[in-house]
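Work through the exercises below with the model open. Each task is followed by its solution.

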Amino acid sequence: MASENEKRSRIAATNKPSLTDDVTLMLRSITEKRAATMTRMLDEAKAHGLDDKFAIKAVHDYGVDNGQDFKESMVDPHDMKEFADKFTDNLEANVYEMETVKSTEDDFRVHFHYCPYVNRWLRMGKTTDEMANLCDICMKGDRAVAENFDDIDFDLGSTIAKGNPYCEVRYFKTRKTKE
């Protein structure tokens, strides 16, 4: 069984950026500050006996807001190819070093090869279990984006925070039923 230090070292070794232009580095710096702010708030809440439920709700709501804006920017919110193009055609794609691995009318899969959140959490001394939990909370926002669409759902595969060399993100066509 690998020690905590070995696990953290393995994550640090795989979470290496290849894009280092000034704009991407500035955006990563901002993203890392956001990661640190959220993490410090969760640490402080825990010190006061609170659990993570408030953060999960806040990140979810943030994702719903972002998803609404994203949907409104689309010509056809039922077009998965347009969804995929908009998702990866921005500066944020460079921040996370996104690679589209599949883009069809029904399935969009993208790998994130770098995570500034993980980079900050490693520097903050977070354990692998803490990073996995923090990642799960953060990804509630990405999951919530899909809630704005009648026929798109979200699946998160393995992540950098959990020791994978990249994060596996998938949006796919589905038939949602209204509750």
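A pocket is an open set of points on a 1 Å grid over the protein atoms alone, where a 1.4 Å probe fits, with protein on both sides within 12 Å along at least five of seven lines; lining residues have an atom within 4 Å of a point. The model is predicted, so local features need pLDDT of at least 70 and side-chain atom pairs 80 or more, while totals for chains, interfaces and linings use all residues. Residues are numbered from 1 along each chain as its sequence is written, and side-chain values use heavy atoms, without hydrogens and water.

**Exercise 1.** Describe the second largest pocket.

Step 1. Its space is about 190 Å³.
Step 2. Of the 13 lining residues, Leu-42, Asp-43, Lys-46, Asp-52 and Asn-133 lie nearest the centre.
Step 3. Two or more lining residues come from each of α2 and α7, and α7 gives the most, five.

**Exercise 2.** Check the length of helix α2 (residues 22–47).

Step 1. The expected span is 1.5 Å times one less than the number of residues.
Step 2. For 26 residues this should be 38 Å, and the end C-alpha atoms are 37 Å apart, which agrees.
Step 3. After α2 comes Gly-49, with a positive phi near 85°.

**Exercise 3.** Is Glu-97 buried or exposed?

Step 1. Locate Glu-97 in the loop between α5 and β1 (98–103).
Step 2. Its relative accessible area is 9%; buried means under 20% and exposed over 50% (1.4 Å probe, protein chains only). Glu-97 is therefore buried.
Step 3. Note the backbone: Glu-97 is not a glycine, yet has a positive phi of about 50°. Most residues other than glycine have a negative phi.

Methods: Helices (H or I, at least four residues) and strands (E, at least two) are DSSP runs, numbered from the N terminus. Grid points are joined across faces, edges and corners, and a volume is the space filled by probe spheres set on the points.
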